Amino acid sequence: MEHVTLYRKWRPQTFQEVVGQRHVTNTLANALSSNRVVHAYLFSGPRGTGKTSTARILAKAINCIEGPTATPCNVCDACVSISEGTALDVIEIDAASNRRIDEIRDLLDKIPYTPSALRCKVYIIDEVHQLTNEASSALLKTLEEPPGHVVFVLATTEPHKLLPTIVSRCQRFDFSLVTAPDMSRLLEHIAGREGIDIEPEALAMIAEHAHGSVRDAIGVMDQISSMAGQRVTGQVLAELLGEVESDLVFRMVDVLVERDTPGALELVGLMVEGGKDPRRFVESLIAHLRSLFLVQNAANPSEIVEATSDHFAKLNEQAARMRRYEVIRLIERLGDAHREMRHSEHSRLVLECALVKATALEADITMDGLSFRIDQLERKVSALASPGSAAAPPALQRPPSAGTAAEVPAVAPPTPVEVGPSPKPPEPKPAPGPEVPVVKSGQVGGPERERARRAWMAVLAELKKQGQMKVYTLLTEARIRSASGGRLVLAFGPASTFQMERLTSSGELARVEEVWEKVVGEPIKISIEGAGPETPAGRAEVKVEAPREPEGPPGGTTEEVADAEEARAPDTPGEPEPEETPPPEKPAKPAGGKRSKPQGTREMARKVAERFSGEIVEDEEG
């Protein structure tokens with residue numbers, strides 16, 4: 001006897017046997033019970049969800065000897081012929097191979113003829129979206145007003161490719177993917193009837209492998225049915241399907257959370273030795289992490305996650321040991337590795353590099369890795385600067401405790417500089433020591449300050465991720481001064497006045513507070529304070545003006561001009577007296593009546609300009 005595949009043998013014969021499509025079968029059953037059958041139906045949905053099987057059941061329900069009925073008897077001649085595919089009045093057409101207009105015209109020419117044996121003709125057109133535009137247009141008129149003895153059932157996996165005019169002429173039903181629990185129950189029933197010895201874990205693996213397609217799941221059962229006398233375990237099934245065992249995926253996620261780099265690489269080696277494709281392994285990891293993500297964030301994860309009850313319990317247990325940001329970081333990291341594998345000839349190396357970056361963050365050059373390394377350095381600095389550590393250098397000592405003010409070295413005011421012909425350059429002042437943070441009274445120190453600093457780093461990273469580069473750039477110069485009681489005080493240095501003004505005037509702090517509440521989970525009020533004025537040591541800012549002529553009659557003497565200039569020059573104690581120079585000759589008065597500037601004044605301006613390099617000194621003529 002010829003072998004019949006299981007998906008044909010176990011094709012549903014009544015509406016009640018259709019798995020996972022109650023919203024469709026109940027509506028059709030109610031319409032048949034009330035004798036409200038329409039002339040055209042459109043069944044759309046993923047492959048293997050029961051569209052063609054439901055169309056055949058509908059044809060039997062219409063033509064059954066007891067029909068139209070919602071429960072065809074499956075014993076009358078009409079039901080038997082339709083089930084066996086020998087009914088002449090039920091015409092199934094594959095639009096993928098009969099898509100041209102000539103074939104559709106031949107079909108339309110036969111429609112007016114009455115049925116030969118059944119009550120009604122039923123045309124089942126599968127993959128109707130593959131009809132050409134001309135063939136679809138030829139079908140339009142008949143779909144709108146067919147003869148009374150004709151019913152059309154159109155099935156498609158891509159309804160968006162149909163002409164809108166065709167969709168509008170049909171009663172549409174959307175089929176959905178079958179959930180993993182419903183699939184597992186069906187497979188368990190088939191395995192029991194067919195005598196297949198299979199573990200529940202293997203059944204769950206088949207249900208998840210099918211991704212909602214009943215035909216694919218029953219096809220796998222047909223494949224393993226030849227293993228007579230052998231118990232089908234999860235490991236055997238994984239080798240048969242090329243899938244990754246769920247236990248290996250759970251172990252890998254545990255290793256990633258523990259940041260065990262050698263353990264992660266060892267599991268990759270076991271996976272490759274088992275003949276698994278690294279890219280398929282990454283896909284399994286991403287699917288597993290997605291389930292963990294839904295368990296952590298969804299309101300009803302059991303309705304979304306495709307998993308059996310035992311598998312879902314394991315997911316709950318593992319999700320409770322992980323933080324949300326860890327799951328998201330692993331999904332992003334493995335997603336990047338999966339995209340890179342498409343264009344790489346060394347997929348295993350790409351996977352290993354991704355796992356090392358995920359477990360050993362000091363090897364990662366992204367923002368996550370840099371943040372981790374900064375955190376490690378600060379921990380070491382805190383350990384060195386802890387009280388009682390004799391090896392801690394003065395620059396690494398802790399700031400004063402809360403309630404006291406740290407002493408900051410005062411900066412001496414600039415020394416006045418005497419303007420003279422031979423000035424003595426001021427001696428450079430020593431460079432200021434390391435900056436000591438100021439801790440105000442009431443500031444929270446120790447763990448609270450560390451938590452605030454980490455939260456602030458996460459807020460900056462979130463702003464950068466959202467593309468808020470303007471706010472991010474303005475806040476890069478900010479330092480946390482205090483954090484307590486739901487308030488965060490940011491301090492800016494003297495060189496960051498522009499950033500302070502922009503943040504205060506633009507109202508961007510409200511956006512930063514929203515990001516803080518989103519990242520940290522607690523509201524915060526942010527304020528800004530300046531660090532106070534600070535003048536660099538060894539540099540005096542002096543504004544020099546060009547000397548003016550002394551007031552007096554045009555015929556004033558050179559001695560009077562020199563006396564007036566000396567009277568206006570600032571006195572600087574400790575500066576040597578300039579050497580006396582013979583007075584220059586009295587300048588001649590120009591012919592136009594305007595007197596030129598004395599030579600001594602020009603010489604003095606030149607020397608002043610040389611001393612204060614960068615200052616521009618102009619005379620009245622310049």
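Visitor: In this predicted model, what is the handedness of the crossing in which α3 passes α4?
Guide: The crossing of α3 with α4 is right-handed. A crossing counts as right-handed if the near helix is turned clockwise from the far one by less than a right angle.

Visitor: Why is α3 called roughly antiparallel to α4?
Guide: Helix α3, residues 51–63, and helix α4, residues 77–84, pack at an angle of about 165°, their axes lying 9 Å apart. Angles over 145 degrees count as roughly antiparallel, and α3 is therefore roughly antiparallel to α4.

Visitor: Which residues make the contact between these helices?
Guide: From α3 come Arg56, Ala59, Lys60 and Asn63, and from α4 come Ala78, Cys79, Ile82 and Ser83. By class, this contact of α3 with α4 has four nonpolar, two polar and two charged residues.

Visitor: How do you know that α16 and α17 are roughly antiparallel or parallel to each other?
Guide: The axes of α16 and helix α17 (residues 347–359) come within 9 Å and cross at roughly 160°. Since the cut-off for roughly antiparallel is an angle over 145 degrees, α16 and α17 are therefore roughly antiparallel. The crossing of α16 past α17 is right-handed.

Visitor: What makes up the contact of α16 with α17, by class?
Guide: There are nine nonpolar, one polar and four charged residues. Among those on α16 are Arg329, Leu330 and Arg333, and α17 contributes residues including Val350, Leu351 and Lys357.

Visitor: Which residues line the second largest cavity?
Guide: The lining consists of Leu256, Val257, Arg259, Glu326, Arg329 and Leu330. Helices α12 (246–258) and α16 (324–341) are the elements that give two or more residues to this lining, and α16 supplies the largest share, three residues. By class, the lining has three nonpolar, no polar and three charged residues.

Visitor: What makes this space count among the cavities of 30 Å³ or more?
Guide: The volume of the second largest cavity is about 40 Å³, and the structure holds two cavities of 30 Å³ or more. A cavity is a space where a 1.4 Å probe fits but cannot get out.

Visitor: What makes the phi of Glu127 and of His211 worth noting?
Guide: Most residues other than glycine have a negative phi. Glu127 has a positive phi, near 50°, and is found in the loop between β3 (121–126) and α6 (133–144). His211 also has a positive phi, near 55°, in the loop between α9 (200–210) and α10 (214–224).

Conventions
Residues numbered from 1 in each chain as written. Predicted model: local features only at pLDDT ≥ 70, side-chain atom pairs only at ≥ 80, totals over all residues. Heavy atoms only, no water. Axes fitted to C-alpha atoms, helices over the stretch in contact; angles between N-to-C directions. Helix = DSSP H or I, 4+ residues; strand = E, 2+ residues; numbered from the N terminus. Parallel < 35°, antiparallel > 145°, perpendicular 65-115°, else oblique. Contact = heavy atoms within 4.5 Å. Nonpolar A, V, L, I, M, F, W, Y, C, P; charged D, E, K, R; others polar. 1 Å grid on protein atoms, 1.4 Å probe; cavity = no way out; pocket = protein on both sides within 12 Å on 5 of 7 lines; lining within 4 Å. Points joined across faces, edges and corners; volume = space filled by probe spheres on them.
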